[in-house]
Amino acid sequence: MFERLGRTMVRRRWWVIGLAAAFVVFSGVWGTQVFGKLISGGFEDPASESSRADARAEAALGRDGTDVLVLYRSSGETVDDPAFQQAVTRTLADLPTGVVTRTATYWTTKSPALVSSDRQATYAVLTLAGDEEQRTKGLEEIEDELAVPGLETKVGGPTAVNRDINERVSADIARAETLSMPVLLILLVIIFGSLAAASLPLAVGALAILGAFTALRGLSYLTDVSIFSVNVVTILGLGLAIDYGLFMVGRFREELGRGLDVEDAVARTMATAGRTVAVSGVTVAVSLAGLLIFPLPFLRSMGLGGLSAVVIAMVAALTVLPALFGVLGHRVDALSIRKWFRRRPRVTEVEHGVWYRLAHSIMRRPVLYAVGVLAVLLLAGAPFLRVEFGGIDTRALPEGTESRVVSETLDEDFVRNGQSPIEAIVTVPAGAGEGDPAGLAQYVAAVRNVDGVTGAEPTGANGDTTRVTITYEGDPISAESRDLVTRIRDVPPPPGGEVLVGGQTAVLTDQLSTIGDRLPWMALIIVGATFVLLFLAFGSLVLPIKAIVMNVLSLAASFGALVLIFQDGHLSDLLNFTPTGTLEATQPILVLAIVFGLSMDYEVFLMSRMREEYDRSGDNTTAVATGLQRSGRIITSAALLILVVIALFSISGITFIKLIGVAMLIAVLVDATIVRALLVPATMRLLGDANWWAPRPLRRLYSRYGIREEDAPPPAPVPVGAGR
C-alpha cells in the first residue's frame with residue numbers, strides 16, 4: 001500500500017504540490033485567525049458540583065460575575081472622604097450600560113471586604129455583558145475610561161487576567177516561531193550537508209503548523225478549545241513533522257545511493273520509512289487520544305488539537321514529501337555545504353560506525369549498564385513521590401503584570417480571599433416548612449463554625465435560592481483550602497433543601513477528583529493500544545512490554561525534575577517564574593500523553609531497523625548493533641531538533657506552559673540519550689532472542705498483518721556519520 005502511495009505521489013506530484021500550496025494559502029489567511037476564537041479557562045468539570053453551583057446561581061440569581069476588578073488608591077484621602085467617593089462613583093456611572101451590566105462598590109454595598117486595611121484603597125467589581133470574547137472586547141472598550149484623576153488606578157479580575165494570558169501566549173508563539181525556523185534550518189543544513197535536503201523537513205513543519213492552526217479554528221466552532229493548546233499543538237506539529245521529514249529524507253538519500261531511480265527510490269522509501277512514519281503517527285495519536293476521556297475542556301482540547309497536529313504532520317510527510325522527492329530527484333543534495341569543510345576519509349563498513357561500536361561496548365557489560373541507568377532514572381524520579389497538586393492563579397503571569405499586581409494587592413491589603421471566596425448556593429423549595437428562613441440561618445451558623453472559616457454571609461437571594469459567601473484564610477489552591485471545601489460540603493443542608501458548593505477552590509477540588517477517577521482509564525487506553533501497535537510493528541510480545549516500562553522510567557525522571565524545579569522552586573530565578581509549592585494537576589497528565597507518544601516515536605524508529613536486520617540475519621546482537629548504527633544518528637538529530645523547538649517554547653511567560661516545555665525537554669533528552677543509546681542495547685542483549693518471541697498463532701498474525709519495514713534489499717554499507 002505504501003509503495004503504491006509513493007508511486008502515485010511521484011506521478012501526481014504537481015497536483016499534490018499545488019493542493020498543498022492552496023492549503024498553505026488558506027491556512028495562512030483563515031487558520032492564523034485562531035487566536036480570537038479560543039478560551040482561556042477550561043479547567044473545570046462541567047458535571048461537577050462546583051459547575052452545577054455556578055449554573056444554578058446564574059439561573060436563579062442572574063449573572064453577577066466578578067469580571068473586572070478596578071483598584072483605586074489615594075495617597076492622602078480615605079474611602080470615607082466625600083471627594084474620594086464622588087470621583088470613583090462619577091467615573092463608574094459614566095461607563096456604557098451596554099458593556100457594564102452591574103457595578104458594586106464599597107459605597108453601594110457597605111462591605112468592609114472592599115476596603116483596604118489602611119482605608120486608602122478600594123476596589124470596584126464590574127460585571128460585563130456577553131460571553132468571554134465579548135467581555136474581553138468590552139474591557140478593551142472601557143479600560144481607558146476607568147482611570148480617576150488624582151487616584152492610582154489598576155485593572156485586574158478574571159477578564160483582565162484572561163486577556164493578559166491570551167496576549168502573552170500569542171506573543172510567545174510568534175517569538176518562538178520566529179526564532180525556531182532559522183535555527184532549525186541551520187541545524188538541518190549541518191545534519192544533511194545540503195540546503196535542498198534541509199529545506200524539506202522544514203517545509204513539512206511549516207505546513208504542519210499552519211494546518212494545526214486551521215484544525216484548531218475549525219474545532220473551536222464545535223467545542224471549547226483552550227488558548228494554551230496553541231503552544232502544545234505547535235510543538236507537536238513542528239517537532240513531529242521535522243522528525244518524520246528527517247527520517248524520510250534520510251531513507252530517500254540512502255535508496256538513491258543504492259542506485260535506484262527516483263520513482264523506485266520513493267517507492268522503497270515509502271514502503272520502509274513511510275510505513276514506520278505511519279506506525280509512529282498512529283502511536284502518538286493513540287497517546288493523545290487518552291486525553292479525550294477527561295471532561296475538562298482544557299485536556300479535551302489538548303487531545304483534539306494534538307491529534308489534529310499529529311495527523312496533519314503524518315499526512316504531509318506521506319504525501320507532500322514524496323511529491324517533493326519526485327520533483328527534486330537527485331537534486332536533493334543540491335546546494336551542498338560539504339565542500340566548504342575538510343572531510344575525513346569515508347569508511348564503508350557499518351562495523352566501523354560509532355553507534356555500532358557503542359552498542360557492542362554496552363552489550364559486553366549489559367548488567368552494569370542496565371543497573372546503572374535504572375538507578376539513575378529511579379533516583380531522578382524519586383522526588384515525584386512527594387508531589388503536591390494544586391491549581392492555577394495569577395502567579396502564572398510574569399511579575400509586574402497589572403492584573404497580577406491587582407490580585408496580589410487584594411490578598412495583601414484587603415480581606416483574605418475576598419476575590420475568591422467559597423460560595424454555597426442554598427435552595428429551599430417552597431413548602432419545605434421549617435426549612436426556610438430559620439433553617440437557612442441555622443445552616444449559615446453551622447458553616448461559620450466549620451474550622452477554617454472566617455466568615456459566612458448571605459450575599460444574594462431570589463425566591464428559594466440564596467448565595468452564601470464564605471471567607472477563609474490560606475491559599476485558595478492549597479490542600480488545606482480544598483479540605484475546607486470538603487468539610488463545608490459535609491455540613492447538613494437546611495431541612496428539605498439542597499446545597500451546592502462552588503467557587504475557585506471547589507472547582508480545583510472537583511478537578512482533582514475527576515482526574516483521579518479518569519487517570520487509570522487513560523493509562524489503560526494508552527498502554528493497551530500501544531502494546532497492540534508495537535506488536536503489529538515488531539511481531540514480539542516482549543518488546544512492547546519493555547518499551548512501555550522504559551517510557552514510564554523516562555516520564556518518572558521528568559516528573560521528579562518537575563517537583564524539584566516548579567514545586568520546590570529550584571531554578572525559579574533562572575527560569576523566571578514564581579513557585580506556588582504545588583504542580584498544576586492537568587500539566588503532568590498532558591506531559592504524560594505527549595512524552596509517551598514521542599518516546600514511542602523514537603522506539604519505532606530504532607526497533608524498525610533492528611527488526612529489519614534481525615529478519616535478515618537472525619542474530620540478535622548483530623541486529624541491535626546494526627540497528628543502532630543505522631538509526632542512532634537520525635534519532636539523535638531528531639531529538640536535537642525537537643529539543644530546539646521545545647526549548648524556544650519553554651521561554652513562555654506563562655508558568656504552566658513553561659512547565660510543559662521543561663518537562664518535555666527533560667523527558668526527550670533522557671529518552672534519546674541514556675534510554676535509547678544505553679538502556680535499550682543493554683536490555684536487548686540481556687533478553688537475547690527472547691526479544692522477538694511470540695506464540696506461534698501470533699507469529700502467523702504478524703506475518704500476515706505486521707506493519708514493518710520488510711522486503712527491503714540488503715542494506716548497503718553505511719559510512720561513518722552518514723546516519724541510517
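Figure 1. Of the 724 residues in the protein, 56% count as buried. The model shown here is predicted. The protein exposes about 28700 Å², and carbon and sulfur atoms supply 59% of that area. Its charged side chains number 62 positive and 72 negative, with the centres of the two sets 15 Å apart.

**Figure 2. Overall fold and dimensions.** The chain forms 23 helices and 10 strands. Its radius of gyration is 30 Å, close to the 27 Å given by the globule rule for 724 residues, so the protein is as compact as a globular protein of that length. Along the principal axes, the C-alpha trace spans about 90 × 50 × 45 Å. Among contacts between residues at least 6 apart in sequence, 81% join residues at least 24 apart.

**Figure 3. The largest nonpolar core.** This core has 168 residues, and those with the most contacts inside it are F228, L288, L291, L590 and M610. Helix α22, which runs over residues 655–687, gives the most to this core, with 17 residues. A second, separate core has 34 residues, among them F84, V99, A121 and L126.

**Figure 4. Surroundings of L291.** L291 is one of the residues with the most contacts inside the largest nonpolar core. Leaving out residues up to four places away in sequence, L291 touches L299, R300, M302 and G303, and also M522, I589, L590 and A593. Of these partners, L590 is also listed among the residues with the most contacts inside the core.

Figure 5. Is F656 buried or exposed? Its relative accessibility is 5%, and the limit for buried is under 20%, so F656 counts as buried. Not counting residues up to four places away in sequence, F656 touches F43, F228, I392, A396 and Q587. W30 lies 626 residues from F656 along the chain, and the C-alpha atoms of the two are separated by 28 Å.

**Figure 6. L379 in helix α13.** L379 is found in helix α13, which covers residues 366–381. The relative accessibility of L379 is 66%, and exposed means over 50%, so L379 counts as exposed. How far apart are the C-alpha atoms of L379 and A556? They are separated by 9.3 Å, although the two residues are 177 residues apart along the chain.

Note on methods: Residues are numbered from 1 along each chain as its sequence is written. This is a predicted model: local features need pLDDT of at least 70, side-chain atom pairs count only at pLDDT 80 or more; totals for chains, interfaces and linings use all residues. Side-chain values use heavy atoms; hydrogens and water are left out. Helices (H or I, at least four residues) and strands (E, at least two) are DSSP runs, numbered from the N terminus. The radius of gyration is taken over C-alpha atoms; the globule rule is 2.2 Å times the number of residues to the power 0.38. Buried means under 20% relative accessible area, exposed over 50%, partly exposed in between (1.4 Å probe, protein chains only). Contact means heavy atoms within 4.5 Å. Accessible areas come from the Shrake-Rupley method with a 1.4 Å probe; for residues, only the protein chains shown count as cover. Lys and Arg count as positive and Asp and Glu as negative; His and the chain ends are not counted. The place of a charge is taken as NZ of Lys, CZ of Arg, CG of Asp or CD of Glu. A nonpolar core is a set of buried Ala, Val, Leu, Ile, Met, Phe, Trp, Tyr and Cys residues joined through side-chain atoms within 4.5 Å.
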